[in-house]
Amino acid sequence: MVAGKGNSTCYPSSSLQISDLHRLIFVHVAKAGGSTIERSPIFDDRIQAQKLAGLPLGIGGHEPVSIYARDKGCAEYQIFAMVRNPCSRMVSLWAYYSQHRGNMGDIAFTNKYFGGDALRDVSTFVHHTAMKNSSWDWRAHQHFQTQTGMIAYHNRSGVDLLLALERWEESLRALAALRPQLNDTLLSLSSNHVLASQHGTCAKSFSAGAWEVMTRMYAIDYCVLGYSSRASEEGMVPQLADLRPTEVTARLQACCARLAPHHDCPNHKG
């Protein structure tokens, strides 16, 4: 694979997180540290392509890796993504909605589906999200969908480099090793990363019942990504070596066998 080509073959001029210059695709898992990467100069060449084409300018969205796996024009690109402990990710989701952050569409969604006391605290938010609702399903929502569903395709890992938010600086070094020409850009991200939402630790945020519900919702993520589902073990973070494609694929297949039927596993019909 050769970086440095500016011509686009992968969703030309779209607003997806794609750099044609660096031959990179970023799968942005919601509330897993991706905004800092998305807003970085890594994708400036895509913005320039939009400008030259007279298209609206901007990079964003939360599209799963499957859309790239199905497109032959993306075959020469390497794909990376960042994941996070499902516990702290859920707390961050609650903070995002309770603080009415995001665009007008997100705020309208909040007002429509999280009225009353649904955003009172993390536990109430979890129970409300997990309730069966005829109008929306958390499993298919761009912010709530599982991380596994974002980074896996056809029962295997679909990304070339999987990073962990909790290992921010180590993750940036791994990306720099993949694309040395981005070293200076990634070095600046190392010191600029901040959390936009303020929240506490998982252990303090969940009731026992809400914790059980949340870990059941994201059982596939805990199993595949290698985080501990115990609140007291939030600090246990998978090594980047454990997030290599072969390792993730092996765990995915084992987890699907153990958790089947599951909507992120092949042959699920529910």
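**Stop 1: a methionine on a helix**

Start by selecting M217, which lies in helix α11, made of residues 208-217. One thing to keep in mind as you click around: this is a predicted model.

Is M217 buried or exposed? Its relative accessibility is 6%, and buried means under 20%, so M217 counts as buried. Now show what surrounds it. Leaving out residues up to four places away in sequence, M217 touches M90, V126, T129, A130, W138 and T146.

**Stop 2: the disulfides**

Next, show the cysteines. How many disulfides does a search of the whole structure find? It finds four. Counting the bonded cysteines along the chain, the pattern is 1-2, 3-4, 5-6, 7-8. Let's visit some of them.

Select C10 and C74, which are joined by a disulfide with an S to S distance of 2.0 Å. The torsion about this S-S bond is about 80°, so the disulfide of C10 and C74 is right-handed. C10 sits in the segment before β1 (18-19), while C74 is in the loop between α3 (66-69) and β3 (78-83), so this pair ties together parts that are 64 residues apart in sequence. Both C10 and C74 are buried.

Move on to C87 and C202, another disulfide, with S to S at 1.5 Å. Here you have a helix at each end: C87 lies in α4 (residues 86-98) and C202 in α10 (residues 202-205), so the link ties together parts that are 115 residues apart in sequence. C87 counts as buried because its relative accessibility is 1%, and C202 counts as buried at 1% too.

Now jump to C223 and C255, whose sulfur atoms are 1.9 Å apart in a disulfide. Which hand does the link of C223 and C255 have? With -90° about the S-S bond, it is left-handed. C223 belongs to helix α12 (residues 219-225) and C255 to helix α13 (residues 245-259), so the pair ties together parts that are 32 residues apart in sequence. C223 counts as buried at 16% relative accessibility, and C255 does as well, at 3%.

**Stop 3**

Select Q147 in helix α7, which covers residues 147-151. Its relative accessibility is 0%, so Q147 counts as buried. Where does its side chain reach? Follow it to the backbone nitrogen of R84, at 2.8 Å. Then show the rest of the neighbours: not counting residues up to four places away in sequence, Q147 touches V29, A32, V83, R84, P86, R89, D221 and L225.

**Stop 4: the sheet**

Switch to a cartoon view and look for the open sheet of four strands, in the order β1-β2-β3-β6, with mixed pairing. Its edge strands are β1 and β6 (161-164), and each of them pairs on one side only. Zoom in on β1 and β2 (residues 24-27): they run antiparallel and are joined by two bridges. For one partner pair, select S19, whose bridge partner in β2 is L24.

Finally, bring up helix α8 (residues 168-178), which packs on the sheet and touches β2, β3 and β6. The direction of α8 makes about 160° with that of β6.

Definitions and conventions. Residues are numbered from 1 along each chain as its sequence is written. This is a predicted model: local features need pLDDT of at least 70, side-chain atom pairs count only at pLDDT 80 or more; totals for chains, interfaces and linings use all residues. Side-chain values use heavy atoms; hydrogens and water are left out. Buried means under 20% relative accessible area, exposed over 50%, partly exposed in between (1.4 Å probe, protein chains only). Contact means heavy atoms within 4.5 Å. A disulfide is a pair of cysteine sulfur atoms within 2.5 Å. A polar contact is a pair of N or O atoms within 3.5 Å; within protein, one must be able to donate a hydrogen and the other to accept it, and residues adjacent in sequence count only if both atoms are side-chain atoms. Two strands pair if DSSP finds at least two bridges between them. Axes are lines fitted to C-alpha atoms, for helices over the stretch in contact, and angles run from 0 to 180 degrees between N-to-C directions.
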